[in-house]
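Here is a short note to read beside the model. The points go from the whole chain down to single residues.

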Amino acid sequence: MFGHRFIMRGASLSALLCFHVCCTSGQIRLPKLIGDGMVLQRDKLISIWGWASKGERVILSFNGKSYRSAAGQDGKWMLRLPAMAAGGPYTMEIRGKNRIVLRDILFGDVWLCSGQSNMVHQMKLHGVRYSNEIAAAHYPEIRQFWVPTLTDLQGPREDLPAGSWKPANPEDVLEFSAVAYFFAKELYQKYHVPIGILNASVGGTPIEAWTSEAGLSHFPDLVKTVEKNKDTAYINGLNRKRAGERPDGPSPADKGLTGPELWYSPAYVPRGWRPIGVPGYWEDQGLRNLDGVVWYRREVEVPASVTNGPAKVFMGRIVDADAMYINGKQVGYTTYQYPQRRYAVPSGLLRPGRNLFVIRVTNSAGKGGFVPDKPYCLIAGGDTVDLKGNWEYKVGSVFVPLHRVGAGPAFSAQNAPAALYNAMIAPLVPYAIKGFAWYQGETNTHNAGEYTQLQPAMIADWRSQWKEGDLPFLYVQLPGFGDYDYLPAESSWAELRQAQLQSLSVPRTGMVVAIDLGEWNDLHPDRKKPVGDRLALAAEKIAYGDSIVYSGPIVQSAMFWEGKVTLSFVHTGSGLITNDGEEPREFAVAGADKKFVWAQAKIEGDKVVVWSEEIKEPRYVRYAWADDPVDPNLYNKEGLPASPFEKSEE
């Protein structure tokens, strides 16, 4: 790794030189993962490794014993410690030409939590829903190591540029993955052992980026891409093409910021503003195909009771970026569309009576504006001021479409096969772990067919890298997202869920069904605790061997006979039910032409019988087959939802 060229985002030349010197200096150096406050895996042999001068002797003292090694010709050394029961804190000393002391070491269970943005999403982004959980986060034995976002196109790295272990307290837990925290908390409260989270996750990334080059060996096109991306001249050429993108004409400056009067200023006299509704997208309100900057303003009547202390303004979600001003002062800004806008309003800024609210919205593609069905209000104490309704708008700038000079699709290193594995997963090997928790798939909805092979390949790859046998692999099936469709339709999200479902054929895997936890208008649904709790249920069964019902119903077989389909399920628990007491919904059947119609369904014991008078000889059956199914209601009595699926006559 030390000879490879690499790019570190935001790193200065001095930082890169420092990193190189540290990697090649004569003193003992440890990987960033091995440090104060680390959680080591209980009941397994433990690897402690690092770098030193060629041939340098290394002595590790721990728990009253000493262990010796020497650095090889490549400067690397490794020691293996015997398995230990859960407990701590311990101190570890490592000596060579220098001395390193590691303190507050715990032994417990370590889980690698990875995926894309729904695993990234920190507790702070869900602070309103989980404010009580954050305030009560006093769990010093639950710790997270956040792996920095980094890519490498050349090959696996041996270390991370930075990182440290943080305990779960009301301050540090804000940076914990919400899903991973609730997963860890549930396990901690049940088993009373320390829980370590290795969080390696990046938003908007495909599964192939998280798989090693060796793990992609059965995908020749991806292997060719990996090899091609190692050519720095090729990558530099792509970057030059991107730099060559230029607008067909100059984009005008934002009039709201460059004119003689600033549009957010209380002294500004508005002229030429037009009415518009909030929430809503401006393309749906008369602004056709506008990418650019649109300003919104409204004078809001605020009662005196709201002005006596700090307040918070909720502005739902905005596509894409925004800056918000109240009475001429900026109270918050967000640079991309996905976070919910929850801005603190300092004491003294609001005054009784009329207050000027101004929002500058920037949108570069697609519809711009305010996402419907989200909270839009001003809150202080027990008082709430509704901010939905009529606002005024004025366009500050119109973006001219880009003209690409011979450029193909934009290159993104974090989407390149093996690039995230190389930089964010490889440095974690061989740190002993209990298992994996995975939440990903949104970025692969365009190639669900290939995902059927990609996910099992990644599972096998990670298990092979760790060399600890069939480590438990737990994953979250995609929740519902998108517009409701009241007719049977094709769905790329449903196809991806089907691919995820098929990975259950891999031994020691568990899938969390989350179809009931999505939000039609939010790629990042707010309810993260049920996801973490269900992951913990899967872990309790698969990793810890508890005899529990850990999954909702999973279709096992379909028998097509005399115009009906009889579906058999596993994981029915205490029995199949609907969560509303009505007949099962969201079932559809089709004949040989695969034109689906809604079907009737009836629970009979641990089976569901499905039929439609329109289809005399059904050949296919689907359940909850949509990007966001309207009302899937099949559950087991333990309250866990059935997985969406498609079955065909074999």
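The numbered points below start with the basis of the values.

1. This is a predicted model, in which local features need pLDDT of at least 70 and side-chain atom pairs count only at pLDDT 80 or more, while totals for chains, interfaces and linings use all residues. Residues are numbered from 1 along each chain as its sequence is written, and side-chain values use heavy atoms, with hydrogens and water left out.

2. The protein chain holds eleven helices and 38 strands. Helices (H or I, at least four residues) and strands (E, at least two) are DSSP runs, numbered from the N terminus.

3. The C-alpha trace spans about 75 × 75 × 55 Å along its principal axes.

4. Of the 650 residues, 55% count as buried. Buried means under 20% relative accessible area, exposed over 50%, and partly exposed in between (1.4 Å probe, protein chains only). The chain exposes about 27,700 Å², with carbon and sulfur atoms supplying 51% of it; accessible areas come from the Shrake-Rupley method with a 1.4 Å probe, and for residues only the protein chains shown count as cover.

5. Contact means heavy atoms within 4.5 Å. Among contacts between residues at least 6 apart in sequence, 75% join residues at least 24 apart.

6. The count of aromatic pairs comes to 34. Rings of Phe, Tyr and Trp (its six-membered ring) pair if their centres lie within 6.5 Å; planes under 30 degrees apart count as stacked, over 60 as edge-to-face and the rest as tilted. The pair of Phe-436 and Trp-462 is tilted, because the ring centres are 5.3 Å apart and the planes stand at 55°. Phe-436 belongs to strand β26 (residues 435-439) and Trp-462 to helix α9 (residues 448-466), so the pair ties together parts that are 26 residues apart in sequence. Phe-436 is buried, with a relative accessible area of 0%, and Trp-462 is buried, also at 0%. One aromatic cluster is formed by Trp-210, Phe-436, Trp-438, Trp-462, Trp-466, Phe-473 and Tyr-475.

7. How many of the eleven residues of helix α10 (residues 492-502) are buried? Eight are, so helix α10 is largely enclosed by the rest of the structure. The buried residues of α10 pack against α9, β27 (473-476), β28, β29 (554-561) and β38 (645-648).

8. Arg-497 is in helix α10 and is buried, with a relative accessible area of 0%. Leaving out residues up to four places away in sequence, Arg-497 touches several residues, including Gln-477, Phe-481, Ile-515, Asp-627 and Pro-644.

9. Asn-521 sits in the loop between β28 (509-512) and α11 (529-542). Is Asn-521 buried or exposed? Asn-521 is buried, with a relative accessible area of 8%. Not counting residues up to four places away in sequence, Asn-521 touches Arg-317, Val-371, Pro-372, Asp-373, Lys-374 and Phe-481.

10. Asn-579 lies in the loop between β31 (576-578) and β32 (587-590) and is partly exposed, with a relative accessible area of 45%. Apart from neighbours within four places in sequence, Asn-579 is in contact with Asn-633 and Tyr-635. Asn-579 and Phe-436 are 143 residues apart in sequence and 31 Å apart in space, C-alpha to C-alpha.
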